[in-house]
Amino acid sequence: MALLAVGVAQAAYAWPALVGGSGAMSAPVHMAHESGAWNLGIAAAFLAVAAAPRLAAGALPVLGTFAAALAVLTVADLRAGHVPTDRAATHLLLLAGVALVGAIAWRGRRRRRALPAVGRERVPA
């Protein structure tokens with residue numbers, strides 16, 4: 001349920017950039033559209049995993065790489081004074097969503113190991 005809420009919030013965050021073409025920090029229209037498209041894609045991944053948790057392990061490499069790169073770049077931009085703190089704080093939603101997807105993937109991994117392996121037993125001929 002938490003991931004569903006994060007997905008909806010992420011989609012709502014993407015909407016103004018997609019519709020109005022205006023991004024945070026006065027980004028040019030195309031940059032705002034790109035940012036909005038990325039945010040909508042991230043929202044779709046969160047919503048897909050919320051609806052079908054078995055997708056979590058497959059979504060995690062893309063989501064995790066994006067979140068890790070964005071976190072490193074955002075910290076560097078904060079230190080250099082290129083981004084306001086309130087703008088950087090909007091990325092916490094992404095990090096929360098990735099953490100939830102990771103938890104779902106981990107939980108699914110543990111469940112698969114606990115299930116008996118069907119078809120792995122050898123039967124004498």
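Is Thr-74 buried or exposed? Keep that in mind while you go through the points below.

1. First, some ground rules. This is a predicted model, where local features need pLDDT of at least 70 and side-chain atom pairs count only at pLDDT 80 or more, while totals for chains, interfaces and linings use all residues. Residues are numbered from 1 along each chain as its sequence is written, and side-chain values use heavy atoms, with hydrogens and water left out.

2. Now the overall picture. The protein has five helices and zero strands, so along the sequence you read α-α-α-α-α (helices, H or I, are DSSP runs of at least four residues, strands, E, are runs of at least two, and both are numbered from the N terminus).

3. Next, the surface. Of the 125 residues, 25% count as buried (buried means under 20% relative accessible area, exposed over 50%, and partly exposed in between, with a 1.4 Å probe and protein chains only).

4. Have a look at who touches whom along the chain. Take the contacts between residues at least 6 apart in sequence: 69% of them join residues at least 24 apart (contact means heavy atoms within 4.5 Å).

5. Start with helix H1 (residues 2-20) and H2. Their axes come within 8 Å and cross at roughly 160 degrees (axes are lines fitted to C-alpha atoms, for helices over the stretch in contact, and angles run from 0 to 180 degrees between N-to-C directions). That angle makes H1 roughly antiparallel to H2 (under 35 degrees is roughly parallel, over 145 roughly antiparallel, 65 to 115 roughly perpendicular, and the rest oblique). The crossing is left-handed (the near helix is turned anticlockwise from the far one by less than a right angle; clockwise would be right-handed).

6. What meets in that pair? H1 brings residues including Leu-3, Leu-4, Val-8 and Leu-18, and H2 answers with residues including Leu-40, Phe-46, Leu-47 and Ala-50. The contact divides into 18 nonpolar residues, five polar and no charged (Ala, Val, Leu, Ile, Met, Phe, Trp, Tyr, Cys and Pro count as nonpolar, Asp, Glu, Lys and Arg as charged, and the others, Gly among them, as polar).

7. Zoom in on Leu-4, which sits in H1. Leu-4 is partly exposed, at 38% relative accessible area. Setting aside neighbours within four places in sequence, Leu-4 is in contact with Leu-47 and Ala-50. Leu-4 and Ala-50 are 46 residues apart along the chain, yet their C-alpha atoms are separated by 5.5 Å.

8. On to helix H2 (residues 29-51) and helix H3 (residues 56-80), which pack at about 150 degrees with axes 10 Å apart. H2 is therefore roughly antiparallel to H3. Trp-38, Ile-42, Ala-45, Phe-46 and Val-49 of H2 make the contact with Ala-56, Ala-59, Leu-63 and Phe-66 of H3. Those residues divide into nine nonpolar, no polar and no charged. The crossing of H2 and H3 is left-handed.

9. Back to the opening question. Thr-74 lies in helix H3 and is buried, with a relative accessible area of 11%. Not counting residues up to four places away in sequence, Thr-74 touches Val-83, Ala-88 and His-91.

10. Finally, Leu-78, also found in helix H3. Leu-78 is partly exposed, at 34%. Beyond its neighbours within four places in sequence, Leu-78 is in contact with Val-83, Pro-84, Thr-85 and Ala-88. The C-alpha atoms of Leu-78 and Ala-88 are separated by 7.6 Å.
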